[in-house]
Amino acid sequence: MRHIEQLLPLVQKPGRYTGGEPGSVMKNSAEVALRMAFCFPDVYEIGMSHLGLKILYGLANAREDCWCERAFAPWVDMEAEMRRTGVPLCALESGDPLRNFDLLGFTLQYELCYSNVLNMLDLAGLPLRESERDDDMPVVIAGGPCTCNPAPLAPFIDLFVIGEGEEVLGELLDLLAVHKRKKSAFLQAAAQLEGCYVPGISQGVVKKRIVQNMNSCYFPETFPVPLIETVHDRTVGEVFRGCIRGCRFCQAGFITRPVREKSPELISEQCRMVTENTGYDEVSLCSLSTSDYTQLPQLLDNLLDWTAEQKVNVAAPSLRADEFPEHLMERLAKLRRSGLTFAPEAGTQRLRDVINKNITQEQMLTTATRAFSAGWTQIKLYFMLGLPTETDEDIQGIAALAQAIVEAYYANPNKPAGKGVTVTVSASNFVPKPHTPFQWETQANGEEIRRKQQLLRNSVKSKKISVKTHDCETSLLEGVFARGDEKLADVLEAAWAAGARFDGWDDQFKPQLWRDCFAQLGIDPDDYLQAREIEEPLPWHNFDYGVSKKFLLREREQAHAAQTTPNCREACAGCGVGTKCSFLKKRTKKL
């Protein structure tokens, strides 16, 4: 029953809570054995832009015995009304309370969503701690990149999926059908599955789960189409998983190894089908580095065969400035033109070598010039502040690189007539993440980050360049929870009880609240930002993502020597992924 409907006139954006979107799956609850809710711990507009939700939602609903619904974190205005009236958190499709479901699956995309996980459990009428939930309550699982260090959330979650979820979700649902409302028996059995970590039950090293063949991997033909504007209103085509580059700060690049590509024909057909079924007029190609796709020209040709006729735009984010040949530029120029985005990450060649970015300023300027000649006038550049070994000269180099791109535009005789150039510099703050070569490094404190941000702003002299920086307080809390242990669970619960919600939102984040909670529990957050000893046991040491500690240490040494490592396509660096690596297989066949 939709008790939430009485609250809709009282809140902003009631479309977040109505459901009923085209493409949403409706079933008869009396005719299914299992009821699952995919829980996204952020607002509807962000959650509905997430590809993982669309994949797992469709996959679970493809089963006749299961009905998977959706639930999102209610915004603060809706939460206030729900608590005032006693309306519980319900699923979007049926309007039924989450407490009545068999399985709640949370995705953990960002450490600053942890307080929302607790809040959603509480709004559902469930105890926060897994030890206090009995057999009559849903099993609570969590997946996503943040599970690579599940320690801070371990007391609240029954089971963590380590790695990719497509195959393991079906296995978990099979087990749940056998052990429904028998939590202990279910968790004992689930702990034996590869990629499943059950706190207090799992023994030894837990290996991540991956989908080996992307061509046979499930992908939805359609998905719910939001009735309100979301962050990404478009079709998303997944190109490949993994990354060949080995940027030493990038957690995603390490935990998603090895690279596994889809065929260009399959990608194009999946995009066409989803576009026809949803009515979107834009396709976005999704991967960590789209220009590294080995068959990108063929893929773009396949897409152009139908997108041009149907007036569908194709966006190709995650492009590298050193992998932007003229034939690719020509194809992209035929599409509706938007801004180009590149990620140099560092302002000098020395620091780019430290982080293994393997891109030169000359390559970036060459690519920018090609883009200008093809009609582009907007370029966005992503950088990081606080990287290991960073100096003030490296920060000033960011402004110098942006200025060089501006100058390249006005020096180009083939630039668009009568138009100026816009270069946006976006500078985030470096956070050392588990399972990377920088997992042992120090994270710069707030005072130092603010100084670096001001230095960057002062170094920019052109009005053609705009600078955007990230709040340092949220980065610090992100760093604490990224490398934290189970002691942080008490801090998290105390902060939630004190009102912490939507900590990733600038207008909702309350840094003093968090500082007070740390102080009350006698925990110094700065301890989690310090460098770690090489032999120090880390909270995530018993999770195997395929990349060996030996390799990570070697990469760390290379970083401090400002030496680069070739990408996986050029030479195997022996990361430990081994026989699962497609590039290694190809080289072995040649030998």
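**Entry 1: cysteines**

A disulfide is a pair of cysteine sulfur atoms within 2.5 Å. I began with that definition, then turned to the model itself. This is a predicted model, where local features need pLDDT of at least 70 and side-chain atom pairs count only at pLDDT 80 or more, while totals for chains, interfaces and linings use all residues. Residues are numbered from 1 along each chain as its sequence is written, and side-chain values use heavy atoms, with hydrogens and water left out.

How many disulfides does a search of the whole structure find? I got zero. I looked up Cys 66: the closest cysteine sulfur, in Cys 68, is 6.0 Å from its own sulfur, which is too far for a bond. Cys 472 is in no disulfide either, and the nearest cysteine sulfur, in Cys 517, is 19 Å away.

Are these cysteines buried or exposed? I used the cut-offs for relative accessible area: buried is under 20%, exposed is over 50%, and partly exposed is in between (1.4 Å probe, protein chains only). Cys 66 is buried at 0%, and Cys 472 is buried at 5%.

**Entry 2: helix H14**

Which residues of H14 are buried? I found Gly 446, Ile 449, Lys 452, Gln 453, Leu 455 and Leu 456. Their cover includes strand S14 (378-385), helix H13 (392-410) and helix H15 (472-482).

At the start of H14, I saw a side-chain oxygen of Asn 445 within 3.3 Å of the backbone nitrogen of Glu 447.

**Entry 3: Thr 235**

I then picked Thr 235, which lies in strand S8 (residues 235-238). Thr 235 is buried, with 0% relative accessibility. Which residue's side chain does Thr 235 join through a polar contact of 3.2 Å? My note says Thr 275. (A polar contact is a pair of N or O atoms within 3.5 Å; within protein, one must be able to donate a hydrogen and the other to accept it, and residues adjacent in sequence count only if both atoms are side-chain atoms.)

Not counting residues up to four places away in sequence, Thr 235 also touches others, among them Cys 271, Val 274 and Tyr 280; contact here means heavy atoms within 4.5 Å.

Methods: Helices (H or I, at least four residues) and strands (E, at least two) are DSSP runs, numbered from the N terminus.
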